[in-house]
Amino acid sequence: MSNFLGRQLITVTVPGTDMEAAAAALREKLAEYPDVRVTALTQRSTSMWAGIFSQNIQLLAAIEYTE
C-alpha cells in the first residue's frame, strides 16, 4: 500500500429534492476510493422557480484518499 495522498473533487447530481437519496449516491461514489476522507462538502439545489420538472440536488465533495 502506497502512502500517496490523492485529492479530488467528486460531484453527484440526483433528480428531485430528496437529500437522503443524494447522500446515498455520494456514499456509493466514495466507495470507489480507498481510505477516503471528505475534507469539504457543499450542496446546491435548483429552486422552485427553475421549474418543477427540472429540480435536482447536487453535492460537491473535496476528498483525500490513499493509493
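**Salt bridges and their setting**

A: Start with a charged pair: the side chains of glutamate 64 and arginine 37 meet in a salt bridge, at 2.3 Å from N to O. The term means a side-chain nitrogen of Lys or Arg within 4 Å of a carboxyl oxygen of Asp or Glu. Glutamate 64 is in strand β3 and arginine 37 in strand β2 (residues 37-45), 27 residues apart. The model is predicted: local features need pLDDT of at least 70, side-chain atom pairs count only at pLDDT 80 or more, and totals for chains, interfaces and linings use all residues. Residues are numbered from 1 along each chain as its sequence is written, and side-chain values use heavy atoms, with hydrogens and water left out.

Q: Which residue does glutamate 64 form a salt bridge with, the closest N and O atoms being 3.2 Å apart?

A: That partner is arginine 7. Arginine 7 lies in strand β1 (residues 5-15) and glutamate 64 in strand β3, so the pair ties together parts 57 residues apart in sequence. Strands (E, at least two residues) are DSSP runs, numbered from the N terminus. Through shared partners, salt bridges join Arg7, Arg37 and Glu64 into one network.

Q: Is glutamate 64 buried or exposed?

A: Buried means under 20% relative accessible area, exposed over 50%, partly exposed in between (1.4 Å probe, protein chains only). Glutamate 64 has 14%, so it is buried. Arginine 7 has 60%, so it is exposed.

Q: What pattern does the protein chain follow along the sequence?

A: The pattern is β-α-β-β. Helices (H or I) are DSSP runs of at least four residues. The chain has 1 helix and 3 strands.
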